[in-house]
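Hi,

Here is the model I said I would pass on.

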Amino acid sequence: MEFKELTVEELTLGYIQSPQEESCTCIFCGEVYEEGIVYRSRGRTVTAERAVKEHIFDRHGGVFHGLLDLDKQVNGLSEIQKDVLTGMYQEKDNKQICEEMGISAATVRSHKFNLQKSKREAKILLALLEQIENETIVKQRKKTEQEALSIEELLVKKDFSGNTLHPFFTQYNLK
């Protein structure tokens, strides 16, 4: 499973839902659950989607822990960041987190601030990359740019047609 090819939604869910293959696939281990098949999970029968959700929780500790346990090369998190995120996930306050980690409360606040800053930066980066990679957005941008150039050409022709004054006065149409 190539994590770099997954959408934010798929990473958040922890599985890929494939309409063409009519299946749900766990992003952590690749286990596939086919739509239309009834699965047994936790002593009852469930759908493929429910089965993959319960599988992720039972086998990987949930999506949060599955993502957190990925290699640093994949999730980009240091051990300290993982510990702070785990404390936040467990809804611990700064004092509890700093006591467990053996660091000051100010350091915990600093790590939280830096994580929030990274979140904001990541959102901007995702939006920028979407502007480059999304075919629909690129087509619309090119169309809009072309229309703007056409309008600009018309305005330039109108502004300078017959006006032979100094460039300072060219903003006025003196016909």
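The protein chain has eight helices and five strands, where helices (H or I, at least four residues) and strands (E, at least two) are DSSP runs numbered from the N terminus. Starting at the N terminus, the order is α-β-β-β-β-β-α-α-α-α-α-α-α.

Before you dig in: this is a predicted model, so local features need pLDDT of at least 70 and side-chain atom pairs count only at pLDDT 80 or more, while totals for chains, interfaces and linings use all residues. Residues are numbered from 1 along each chain as its sequence is written, and side-chain values use heavy atoms, with hydrogens and water left out.

Some overall numbers. Of the 175 residues in the protein chain, 23% are buried (buried is under 20% relative accessible area, exposed is over 50%, and partly exposed is in between, with a 1.4 Å probe and protein chains only). The chain exposes about 13000 Å², and carbon and sulfur atoms supply 55% of that; the areas are Shrake-Rupley values with a 1.4 Å probe, and for residues only the protein chains shown count as cover. As for contacts (heavy atoms within 4.5 Å), 32% of those between residues at least 6 apart in sequence join residues at least 24 apart.

Now the salt bridges, meaning a side-chain nitrogen of Lys or Arg within 4 Å of a carboxyl oxygen of Asp or Glu. The structure holds 10 of them. The part I would look at is a network that links R42, R44, R50, E54 and D58. Within it, E54 pairs with R44, with the closest N and O atoms 2.5 Å apart. E54 sits in helix α2 (residues 48-60) and R44 in strand β5 (residues 44-46), so this pair ties together parts that are 10 residues apart in sequence. E54 is buried at 3% relative accessible area, whereas R44 is partly exposed at 32%.

E54 also forms a salt bridge with R50, where the closest N and O atoms are 2.8 Å apart. Both of these residues are in helix α2, four residues apart, or about one turn of the helix. R50 is partly exposed, at 41%.

R141 is partly exposed at 33%, and E145 is partly exposed at 43%.

Next, the largest pocket. A pocket here is an open set of points on a 1 Å grid over the protein atoms alone, where a 1.4 Å probe fits and protein lies on both sides within 12 Å along at least five of seven lines; lining residues have an atom within 4 Å of a point. The largest one holds about 1500 Å³ of space, with volume taken as the space filled by probe spheres set on the points, which are joined across faces, edges and corners. It is lined by 31 residues, and V8, L11, L67, A122 and L126 lie nearest its centre. Helices α1 (8-13), α3 (63-68), α4 (72-75), α5 (79-89) and α7 each supply at least two lining residues. The largest share, 11 residues, comes from α7.

Finally, the surface: L125, L129 and I132 form a nonpolar patch with about 280 Å² of accessible area together. Patch residues have over 30% relative accessible area and no salt bridge, with nonpolar side chains (Val, Leu, Ile, Met, Phe, Trp, Tyr) joined within 5 Å and like charges within 9 Å. I132 belongs to helix α7 (residues 105-133) and is exposed, at 59% relative accessible area.

Cheers
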